[in-house]
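Work through the exercises below with the sequence and the coordinates open. Each task is followed by a solution in steps.

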Amino acid sequence: MLLEYFLVQINNANSLEDASELLSEITTSKVIQAVIIIAVAYLGMFAIDKLIHWLAEEVPLRFRLTVKQSLPFLRAFLLGLASILLIQLFLKLSSNNVLALTGTIAVALGFAFKDYISSVIAGIIGLFERPYQLGDRVKIGDEYGEIVDYGLRGIRLQTPDDNIVSIPHNKIWTEAISNSNKGDVEAQVVADFYFEHTVDVEIVMKILYRVAYTSKYTQLMLPILVIMDEKPWVTNFKLKCYPIDARDEFIYKTDLIKRAKQVFAKEGISYPMLSPQSYETEKAES
């Protein structure tokens with residue numbers, strides 16, 4: 001019985017009533033109200049952006065990303081509220097009209113803005129599944145960087161070269177997304193070092209641990225690890241540790257490598273001299 005009623009409503013909706021029955025009377029007062037709603041929504045989004053970014057820098061470090069990650073939800077709420085108010089102003093929302101209107105809009109938008117709608121839907125799903133959030137450091141395709149903006153259609157990444165790259169949300173359907181910190185303020189940094197097979201392993205590992213523990217950027221509450229990997233031409237040492245703030249990733253890695261090289265030079269531990277052929281083989285393997 002309920003199914004029959006629903007089908008009847010859809011059939012009624014497909015035969016959309018006259019536009020005069022769907023649209024309410026447009027008056028000067030309503031137009032002024034609409035302009036005010038749009039202006040308030042625009043100014044509200046601008047104010048929210050400024051407030052959230054300011055607040056994120058003022059709160060303790062561990063809360064910075066939590067504050068930033070509230071921005072997409074606040075934007076979505078403000079846009080949704082403005083849309084509802086505008087619809088109530090100009091449309092008569094009877095049950096038949098709602099079914100007809102949503103069906104017509106869905107079909108029209110589905111054909112005309114397929115990719116855009118796909119990105120918007122992916123962005124809404126992303127708010128709940130959270131493959132990435134504001135402040136995360138992610139790699140999508142060939143692009144890597146920090147997410148500095150989460151919009152309705154896509155995100156903006158700030159790369160290590162300080163470029164801003166726009167990526168639509170619908171990439172989550174087709175691309176693997178590598179997330180370095182997943183909402184935390186720390187992200188693991190890996191520094192690679194290569195030595196001859198005859199190097200004293202204990203000395204190298206001791207130096208790398210000391211370099212990590214004495215860096216002013218190191219988050220000492222998280223694990224510091226040195227692991228080895230044997231290559232055909234060299235022994236590869238990987239120093240894995242975390243900076244206090246993920247934004248210091250490249251400064252931190254530079255600090256680790258610089259100070260490690262200084263100690264290796266004092267200890268007389270040199271890097272291997274590879275032939276061009278060996279270097280190309282090593283590069284291809286890594």
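This is a predicted model: local features need pLDDT of at least 70, side-chain atom pairs count only at pLDDT 80 or more; totals for chains, interfaces and linings use all residues.

**Exercise 1. Strand pairing**

Task: Determine in which sense S2 and S3 run, and how many bridges join them. Then find how many bridges pair S3 with S4.

Solution. 
Step 1. Take strand S2, residues 143-150, and strand S3, residues 154-158; they run antiparallel and are joined by four bridges.

**Exercise 2. The cavity**

Task: Search the whole structure for cavities of 30 Å³ or more. Give the volume of the largest cavity and the make-up of its lining by class.

Solution. 
Step 1. Rolling a probe the size of a water molecule over the atoms shows where empty space is left. The search finds one cavity of 30 Å³ or more, and the volume of the largest cavity is about 70 Å³.
Step 2. List the lining: Gln69, Pro72, Phe73, Gly126, Leu127, Arg130, Tyr132, Gln133, Leu134 and Tyr150.
Step 3. Sort these residues by class, with Gly counted as polar and Tyr and Pro as nonpolar. The lining has six nonpolar, three polar and one charged residues.
Step 4. Assign the lining to helices. Helix H5 (71-90) and helix H7 (114-129) each supply at least two of its residues.

**Exercise 3. Positive phi**

Task: Where is arginine 130 found, and where is aspartate 162 placed? State for each residue whether it is buried, partly exposed or exposed.

Solution. 
Step 1. Most residues other than glycine have a negative phi. Arginine 130 has a positive phi of about 55° although it is not a glycine; for aspartate 162 the positive phi is about 70°.
Step 2. Locate them. Arginine 130 lies in the loop between H7 and strand S1 (137-140), and aspartate 162 in the loop between S3 and S4.
Step 3. Apply the cut-offs: exposed means over 50% relative accessible area, and buried means under 20%. Arginine 130 has 34% relative accessibility, so arginine 130 counts as partly exposed. Aspartate 162 has a relative accessible area of 53%, so aspartate 162 is exposed.

Note on methods: Residues are numbered from 1 along each chain as its sequence is written. Side-chain values use heavy atoms; hydrogens and water are left out. Two strands pair if DSSP finds at least two bridges between them. On a 1 Å grid over the protein atoms alone, a cavity is a set of points where a 1.4 Å probe fits but cannot get out, and a pocket is an open set with protein on both sides within 12 Å along at least five of seven lines; lining residues have an atom within 4 Å of a point. Grid points are joined across faces, edges and corners, and a volume is the space filled by probe spheres set on the points. Buried means under 20% relative accessible area, exposed over 50%, partly exposed in between (1.4 Å probe, protein chains only).
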